Amino acid sequence: MRSLRGRLSLGIGLVIALVLGAFGVLISNEAERIARDGLDDRLRRTADLSQATAADAFQKSLPRTDDRIDALRSATGSSLRLLIGDTVVLSIGPQPLRVPPGGSGLQTVTQAGERYRVLVRPLPDTQLGDLARLEVTSSLGELERRQAALDQRLLRLGLVALLLAAAGTFLAATALLGPLRRLRSATGQIGTDADLDVRVSETDGPAEVRGLATSFNAMLARLGTVTETRERALAATRRFALDAGHELRTPLTTVQATLSALHRHPDVGAEQRTAMLADALAEQRRLVILLDGLQAYARGDAMSSDHVDVDLADVVADEVAEAGRYQPAARIEVVVPEAAVVVRGSEGGLRMLVANLVANAAHHGAGGVWVRLTDDPRPVLTVEDDGDGVPVAERERVFAPFERLPSSADREGSGLGLALVAQQIREHGADIEVADSPHGGARFVVTFAGTDPER
């Protein structure tokens, strides 16, 4: 009974058994009542027909074997007694019953293990009042035997009907659960093959099974999307770890080689020692920049996705001022609206985006950086430089971690600046475009969604 089909068959079988049992009891009781009422009617008719003859028996002293009363008793299958008080005047029939004294009407009497139905009626025309009584008696044995036979037939018919109903229920459950079994088989095959692209039929079976199949397919689609995203994330993480290890290995190896050479050759000349230390310090600075970039990249992934309204004009002004302090050689021109330019996002993420765009322009330009923020109809941030620009074929690759253009291979940097920009572009649902600047270098144009839900 672990299967749904077995439980369904058992449950319906129990319900049918209860219904058949209840109807059987009702039919049996109704049949017994009808038979008892018929017997009572016969006793009343017998009493009505024999009342006048019984009165004559008192008044005219009829013989104890009066043919009229005997014929009536034989016709109705009853026994009769005429009594005056407790004295039996006339008794016709095989039942020498001892009816309790007093009272009149119908009653059931048990004697010698057999039950009888008795009608006691006074004889009004005998000048004896209630002392003269007529008792009409009939055995309930035949009625009870017929009732027992009826109960047995009802029981047999009920058992046969129950067996047929159970078999029919089992077959019907088998047919009705066929689509569900096929759905289970299909889902089991999907689980065995681990193929989330397979879909189960949404047209097989009743509406409930079709609805279940639709929900299952929707779940498979979501699982497939989640699995694909996870696989891409894992692949990106593995690739990022390999690239980070490769990038870290070079400066660490250089610093280690320089320190080992100085250790092995303590008598190296001062000029050479100074050059070697300068190389080691340069590699150490490169290592610090790389570690800072890695930390920022990891922080950007872990940054809270709870967005608030941020004034992008204040962010741009602050980050440009900060870049001017760290890179005094760069000439940075900034144009921002006087009114607030509100976008929905993370303030920390937006500051990271602006700071890295400005730092990238200052790092790769020839000294000039132009920053402009507009808000018509959507917030647009433009950062330009006067460097070598970004070739069209490289404009997507520059946003990958640790990717450097050939023209900037000899420049210091972590190779993560534009990767951080792309990270925050995705986080804020913005768009970025790389183009040529009229100043000769690259132009990065970031378009934000703003706070208007219709944009």
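**Cut-offs and conclusions**

Me: What makes Glu144 count as partly exposed?

Reply: Its relative accessibility is 30%. Buried means under 20% relative accessible area, exposed means over 50%, and partly exposed lies in between (1.4 Å probe, protein chains only). Glu144 is therefore partly exposed.

Me: What kind of model is this, and how are residues numbered?

Reply: This is a predicted model, with residues numbered from 1 along each chain as its sequence is written. Local features need pLDDT of at least 70, side-chain atom pairs count only at pLDDT 80 or more, totals for chains, interfaces and linings use all residues, and side-chain values use heavy atoms, without hydrogens or water.

Me: How do you know that Arg115 and Glu144 form a salt bridge?

Reply: Their closest N and O atoms are 2.7 Å apart. A salt bridge needs a side-chain nitrogen of Lys or Arg within 4 Å of a carboxyl oxygen of Asp or Glu. The pair qualifies. Arg115 lies in strand S4 and Glu144 in helix H3 (residues 141-176), so the bridge ties together parts 29 residues apart in sequence. Helices (H or I, at least four residues) and strands (E, at least two) are DSSP runs, numbered from the N terminus. Arg115 is partly exposed, at 29% relative accessibility.

Me: What makes Asp48 and Arg121 a link between separate parts of the sequence?

Reply: Asp48 sits in helix H1 (residues 4-59) and Arg121 in strand S4 (residues 114-122), so their bridge ties parts that are 73 residues apart in sequence. The closest N and O atoms are 2.3 Å apart. Asp48 has a relative accessible area of 47%, so it counts as partly exposed. The structure holds 20 salt bridges.

Me: What makes Arg351 and Glu319 a salt bridge, and is each residue buried or partly exposed?

Reply: The closest N and O atoms are 3.2 Å apart, so the pair meets the salt-bridge cut-off. Arg351 is in helix H8 and Glu319 in helix H7, 32 residues apart. Arg351 is partly exposed at 23%. Glu319, at 14%, is buried. Both belong to a network of salt bridges that also links Asp318 and Glu347.

Me: What makes a set of residues a nonpolar core, and which members of the largest one touch the most others?

Reply: A core is a set of buried Ala, Val, Leu, Ile, Met, Phe, Trp, Tyr and Cys residues joined through side-chain atoms within 4.5 Å. The largest has 35 residues, and Leu353, Leu357, Leu381 and Phe448 touch the most other members. H8 gives the largest share, seven residues.

Me: How do you know that H9 is mostly covered?

Reply: Eight of its 11 residues are buried. Among them are Leu418, Val421 and Ile425. H9 is followed by Gly429, whose phi is positive, near 65°.
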